[in-house]
Amino acid sequence: MTHQNKTTKLEDYSVLDAYKGINPAISDTATYFFPTAEKMAATFAGENDDDCFLYSRHLSPSTNYLAQALATMEGAEDAQVTASGMSAISCAIMQICNFGDEIISARTIYGGTHALMKNFLPRFGIKTNFVDITDLKSIKSKITSNTKLIYCETVSNPLLEVCDLVALSKICKEAGLLLVVDNTFTPLIIHPIKYGADIVIYSLTKYINGASDCVGGAICSNKKFINSLKDVHNGAGMLLGPVMDSFRAASILKNLRTLSIRMQKHSQNARYLAENIEKLGIKVFYPGLLSHPQHRLFESMADLGYGHSGIITFDAKDQKIAEKLLVEMQNELVGYLAVSLGSYKTLFSLPSSSTSSEIPTEDQESTGITNGLVRMSVGLDHDIKNTFERIKKCLKHVKLI
């Protein structure tokens, strides 16, 4: 028998099991037995509780513990964890949309999400209208009788544009739409549900896990929506099979315990680099800078005790220069030339040829994703001043300063 305490604070969330372990036991099984045939039938019918499980593709104690911790963190009624961030996005959208439906999406989003919407979903008759998410009039003009949801990232990848969640929520409520928000860049910092989001998506691969050793995703929402995902007859979270392994769920749950102190350090380090790189005369995108066009908007929604997140983007002007710079920074042990983000180590890449490469060139250019744009996920460096000096050395070597 296990017990999960009811709390609204992630730091107070705990699981008490029969073995009294500080970390709950891992459910190393694919299937579960039932005390009675009636109980099995009831579970298949959706009358499920935490002490009766069906099959690990549906739910396991370990994935359930992680899901409930994430729901607590997000201020949501419930959550479902998945095998990747993309599976979380795909399942959420496929649960909402049918043939002939439409999506309004921010034009600057993760490249994989853009490819899903632009290339893959049309196979199922689902159309996406990409818009400047900061242009509320443009958003309203795209709403039709077929529109089902507005999709955005709280802070966009890679340009770090900030969404006005309150305004977007108002538009959605007036039009009867759902607001789906990817909050991967800003866990703990911004809580989209607090500002009217209906569904919040995470790539657990990034900050929440924080160790660059796995992939995972999560969908946080109300109980009705999460239960619909798990439905054995019609649930995308059940029928598409985006299961997370119990061992991985247990590992991520343990790493989640340090998220608060990690976000503070990531943010502290990123702000230091953003401010000092900007002082060198380089164009920097970071919501913690006064020069950022949505600086005040970000701060109006954020818990600033966790800062402004750990991602900065800056313009190296030219692709060849940028490529040389990233290799120089790797050689100087600043971090790694690699995709992904949220790791303990600094990671950097060129979005135009990596994480945004799925976006057509003309769309990249129209949104401001230039060939020389550098995205840097700032790590947990103890001596960030020393890191900056190394970066400065590299910038001088490639003649950017």
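Tutor: Partly exposed covers what sits between buried, under 20% relative accessible area, and exposed, over 50%. Keep in mind that this is a predicted model.

Student: OK, so why is Asp132 called partly exposed?

Tutor: Asp132 has a relative accessible area of 22%. Buried needs under 20% and exposed needs over 50%, so a value in between is partly exposed.

Student: What makes Asp132 and Arg107 a salt bridge?

Tutor: Their closest N and O atoms are 3.8 Å apart. The cut-off is within 4 Å, so the pair counts.

Student: And which parts does that pair tie together?

Tutor: Arg107 lies in the loop between E4 and helix H4 (111-120), and Asp132 in the loop between strand E5 (127-131) and helix H5 (136-141), so parts 25 residues apart in sequence are tied together. Arg107 is partly exposed too, at 27% relative accessibility.

Student: Is Asp101 buried or exposed, and how do you know?

Tutor: Asp101 is buried: its relative accessible area is 8%, and the cut-off for buried is under 20%. Its salt-bridge partner is Lys148, with the closest N and O atoms 3.2 Å apart. Asp101 is in the loop between helix H3 (85-96) and strand E4 (102-106) and Lys148 in strand E6 (residues 147-153), so the pair joins parts 47 residues apart in sequence.

Student: What makes Arg248 and Asp213 a salt bridge?

Tutor: The closest N and O atoms are 3.9 Å apart, and the rule asks for within 4 Å, so the pair passes. Arg248 is in helix H9 (residues 246-256) and Asp213 in the loop between strands E8 (199-203) and E9 (217-221).

Student: How many salt bridges does the rule give?

Tutor: The count comes to 5.

Notes
Residues numbered from 1 in each chain as written. Predicted model: local features only at pLDDT ≥ 70, side-chain atom pairs only at ≥ 80, totals over all residues. Heavy atoms only, no water. Salt bridge = Lys/Arg side-chain N within 4 Å of Asp/Glu carboxyl O. Helix = DSSP H or I, 4+ residues; strand = E, 2+ residues; numbered from the N terminus. Buried < 20%, exposed > 50% of the residue type's maximum accessible area, 1.4 Å probe, protein only.
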